[in-house]
Amino acid sequence: MTMTATTTLVFLGAIRTGSDPQTDTTALAVRDGRILALGDEARALAATADEVVDIGDGLLMAAFGDGHAHPLFGGLESFGPRIKELNSVDSIVAEVGRWAAAHPEAEWIIGASYDPALAPDGEFDARWLDAAVPDRPVVLRAHDYHTLWCNTEALRRSGVTNTTPEPRLGRIVRRRDGSPLGTLREWHACDLVLDHVPARSVDELVEALRRAGHAYARAGITWVQDAWVEPEMVDAYLAAARRCALTVRVDLAQRADPDRWRAQLKPFAEARARVAAEGGDLLSARTVKFFSDGVIEGGTAAMLAPYVDAPHSCGMPVWEPHALAEAVRAVDAAGFQTHIHAIGDAGIRAALDAIESAVVGNAAWDRRPVITHVQVVDPADLPRFAALGVIANFEPLWAQPDPLQTELSIPRIGAHRAGLQYPMGELARDGVRLSFGSDWPVSSHLPLEGIQVAVTRRTFAGDPEGGWIPHQRLTVEQALTAATSGVAHQAGADDRSHVTPGAPADLVLLSADPRTLDPMAIRHARVLGTWLAGRATYRTGGERDAVGRCETRRGGA
C-alpha cells in the first residue's frame, strides 16, 4: 500500500511555529502536502476537512531532522547479534554465541555497537570471542564505529599477524609479544579485516534502509543527513527509492578519501546527478564528508597538545591540514556542501582553516559548511564559527558525564580540556547556527533524549545535579530550534525551517509540550504522529507505520 495525501487535514490545539513563541497558534490546515493556513483561517476549514486531528494536551511542531547519522548502518545492526545495550563483556560474548548458534549458515558473524568503556582503555581481546565462536570469523564494531573487536579466526582470515606493519591511518592493538590483541583502531587498521567481510546484497541493504526509515518515522524525523556514503550505498538508496522503501528525506554525503580524493571528484559529481535524476523527491547527494580526525576515547582525535595518558601522542589526523584545505576548496568549488567530522581541538582548527581557505579562495555562494561533533574547541577558535558562517552540528546526547567520558575521554585529555567540551551555549550566544544530529547508530536516534541533555547537561539518572559544564546549556526553545529549523537550514531547506503557510507539511505531534515539562522529563514525551509532506509516516493508536512514497518521483524506473 502506498501513502496517500489527505486533501485537507486540520490540526486543532497547541502549535509551535518555530518563528517566535508569540506566533504560536491553535489551528493548522494542510492541503496537498503543504501548510495551507494557520489560526482562525485554518479553524474555519475544520468543518469540511477530510480529517481533523485533536492535538489534546500535546504539541504539533515542525518535524525533527537528524543532521548527522548513518541510517544504513543503523538498519544493518538489526541483522546481527544484538549487543548495543549490553553492559558487560560476558553478556556480549554470550549474545554472539547465541546468535552464531541460531545462524549456522552465516559465514561471518557481524555485529555492532559494543560499549568501548567495558574494557580497560577500550582494548578487547580476541580470545574472549573465541570462547563463544572459535571456528567462524566474528567482527564487532564499537559504538563509535572507529574501532573493531575481532576474534582470532577473523584476524587469521584477514592475514593480520604479529608481522603485519602498522598502517598509516590506524593502529593494531598488540600484546606484549607483538601478536594482535583483537582490537583495531581507525580506517586502515579496521579495513585490514573489513575488506574481507562479504558484501551485503542490494536486497539486504534496501531492507536495512526500510527498517531505518520506520525507526526515524516513529521518532518524529523526516530528514536525515547520511554522513558516510560509499559508492555501493548510492545504489542501495536508489533501489530503495524505486521500491518505495523510503519514509524519510535523505541527503547522501559521499566520503572523501585522503589517498584518492582527486580521482573521486568526477564520480561524486556523477552520483549527485544520478541521484537528482533517479532518486525522486526524497533523495539528494549534495554533500561531501571529510573525517578530520578520530575519537578521543580511542586516542585518535587530533589534539593541539599531547594526551595525558600518552604524552608522545597528539592523536591521529586523517588528513594533513594543507591537504584537507586543498580538498575542501575543490569540493566547494564543485558546488558541494562540506561536512567535516572534527572532534579534537587540532582537528577542529584544521577544519576551520580548510573552510576559510574555500571562503577566501572560491567564488561566493550559499555554501553552509558544517563541522560536526565539535567536541573540544580551543577558545581562540570559537569566534571563527560565526565569522565563517559555519554550522555547528552537535550530537547533544554526548554532552553528559557518562562512562565514556569518565572512564575513557576525561582521563585521556585531563580536566582543563574536558571543561571545553561541546560548547553549545557559547556558540549559540555568538549567533552561530546550531543543528542537532544523533550519529545513530553510534547513539540513540531519539531527538527528545538529545534535547533533554542539551537543556540539562545531566545523565538520565540526574548527575550532576547542577549540570555538567552548565554554562553550555541551551534553553528548551534553543534546543528545539536546533533539532528542527537548525537542521532544515543545514539541509538547504529554508522552506521547512518554520511552520508557515506554503511550507511543506513535515510535522510531528508530541504528547506534551517540552517547554512546559520538567527538563528531566523531556525525553518521556511521546511521538504520536509524524507527517512527511502531509502524509502520515507514523501514527499511534494501533495504526501501522506507513510505507514508502513514490507518487512524486522525478525520474527513474
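**Cysteines first**

Modeller: This is a predicted model. The sulfur of cysteine 150 lies 7.8 Å from the closest cysteine sulfur, the one in cysteine 190, and that is too far for a bond.

Colleague: What cut-off applies to a disulfide?

Modeller: The two cysteine sulfur atoms must be within 2.5 Å. By this rule the count is zero disulfides.

Colleague: Is cysteine 150 buried or exposed?

Modeller: Buried, with a relative accessible area of 0%.

Colleague: And cysteine 314, buried or partly exposed?

Modeller: Partly exposed, at a relative accessible area of 30%.

Colleague: Switching to helix 8. How many residues, and what does it span?

Modeller: Helix 8 covers residues 231-242, so 12 residues by the DSSP run. From first C-alpha to last it reaches 17 Å, close to the expected 16 Å.

Colleague: Which residues in helix 8 are buried?

Modeller: Met233, Val234, Ala236, Tyr237, Leu238, Ala239, Ala240 and Ala241.

Colleague: What do those buried residues pack against?

Modeller: Helices and strands. The helices are helix 2 (71-76), helix 7 (202-218) and helix 9 (261-278). The strands are strand 12 (221-229), strand 13 (249-255) and strand 14 (283-291).

Colleague: What comes just after helix 8?

Modeller: Cysteine 244, which takes a positive phi of about 60 degrees.

Colleague: New topic. Where does aspartate 381 lie?

Modeller: In the loop between strand 16 (370-373) and helix 12 (382-388). Aspartate 381 is buried, with a relative accessible area of 3%.

Colleague: What is aspartate 381 in contact with, leaving aside neighbours within four places in sequence?

Modeller: Asp345, Arg349 and Leu352.

Note on methods: Residues are numbered from 1 along each chain as its sequence is written. This is a predicted model: local features need pLDDT of at least 70, side-chain atom pairs count only at pLDDT 80 or more; totals for chains, interfaces and linings use all residues. Side-chain values use heavy atoms; hydrogens and water are left out. Helices (H or I, at least four residues) and strands (E, at least two) are DSSP runs, numbered from the N terminus. The expected span of a helix is 1.5 Å times one less than its number of residues. Buried means under 20% relative accessible area, exposed over 50%, partly exposed in between (1.4 Å probe, protein chains only). Contact means heavy atoms within 4.5 Å.
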